[in-house]
Amino acid sequence: MGGEGGAEPVIHFVFVHGASHGAWCWYKLTTLLDAAGFKSTSVDLTGAGISLIDSNIVFDSDQYNRPLFSLLSDLPPHHKVILYGHSIGGGSVTEALCKFTDKISMAIYLAASMVRPGSIPSPHLSNIHVGEEDIWEYTYGEGTDKPPTGVLMKPEFIRHYYYSQSPLEDVTLSSKLLRPAPMRAFQDLDKLPPNPEAEKVPRVYIKTAKDNLFDSVRQDLLVENWPPSQLYVLEDSDHSAFFSVPTTLFAYLLRAVSFLQR
Ligand SMILES: CC[C@H]1c2cc3[nH]c4c(c3C)C(=O)[C@H](C(=O)OC)c4c3nc(cc4[nH]c(cc(n2)[C@@H]1C)c(C(C)=O)c4C)[C@@H](C)[C@@H]3CCC(=O)O
């Protein structure tokens, strides 16, 4: 899996965050993995985390995903990784799966967008609609007469929708780190041509049962439309399992990858 040339192949996880989040959100899970001897890398997509780019000038999914694509294209020959995406980060995972199929041994989707390449995603899959105010705050980087360029959840809704079951310290920290997400980059995620080779890579879906943002019905719909090889349910998790149930998430991760070694 790792193929470093040493005695034991290194199992290497690559983590991809969802909207407004960054590499920082994986700190609990990567601490557990590193302590257990695995290799883990968390990326900041363009305009997220500590990326120096303003998300209002991220125009498409290729630009948004570039840090992930660079990481995958720089891997040594025969080195494969396990890609792990949260929420809309699942769209980035699927794009990477299609572009770098031979670099990926497994794709794991955590409460994530998992849409089969070549299919037309149902409009019911997402509750987030461009320009609607409600729980979202929009940024108009090109003027108010143009479509919005950025989107961020309003502070008063963050606890309920992202982190209802998570420790308060994580909510406090996240509230300071969330950044507007690049609307235009999301609009072309999940619009991929069919890719039979990418479909051969094993996929795992992890459902979050106490999720106030991406409810069970819509997660089930994704799973039904593109059945994964393994399905797990985190009964006590909100949308952000990396904060609310990190140790169960770690255990499921180990169980999921144990199927690769058989
Ligand atoms: C507004 C347009 C754009 C979009 C934005 C968006 N999607 C999510 C967020 C934002 C700003 C979130 O905050 C949440 C997330 O990543 O949390 C960390 C998002 C989700 N998106 C999902 C699925 C999903 N989204 C879209 C489309 C868009 N999202 C717009 C283009 C699709 C498709 C294919 O159209 C899908 C399948 C979930 C994984 C989460 C929760 C979203 C929800 O409850 O609706």
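Q: Which distance separates an oxygen atom of the ligand from an N or O atom in the side chain of serine 87?
A: A polar contact is a pair of N or O atoms within 3.5 Å. For serine 87, an N or O atom of the side chain is 2.8 Å from a ligand oxygen. A polar side-chain atom of tyrosine 162 lies 2.6 Å from an oxygen atom of the ligand, and one of histidine 239 lies 3.5 Å from a ligand oxygen. This model is predicted, with local features needing pLDDT of at least 70 and side-chain atom pairs counting only at pLDDT 80 or more, while totals for chains, interfaces and linings use all residues. Residues are numbered from 1 along each chain as its sequence is written, and side-chain values use heavy atoms, without hydrogens and water.

Q: How many residues surround the ligand?
A: A residue is near a molecule if one of its heavy atoms lies within 4 Å of it. Here 24 residues surround the ligand, and Ser87, Asn127, Tyr162, Leu213 and Arg218 are the closest.

Q: How is a pair of aromatic rings described?
A: The distance of the centres and the angle of the planes describe such a pair. Rings of Phe, Tyr and Trp (its six-membered ring) pair if their centres lie within 6.5 Å; planes under 30 degrees apart count as stacked, over 60 as edge-to-face and the rest as tilted. The count is 15 aromatic pairs. Tryptophan 26 and phenylalanine 242 form an edge-to-face pair, at 5.2 Å centre to centre and 65 degrees between the planes.

Note on methods
A polar contact is a pair of N or O atoms within 3.5 Å; within protein, one must be able to donate a hydrogen and the other to accept it, and residues adjacent in sequence count only if both atoms are side-chain atoms.
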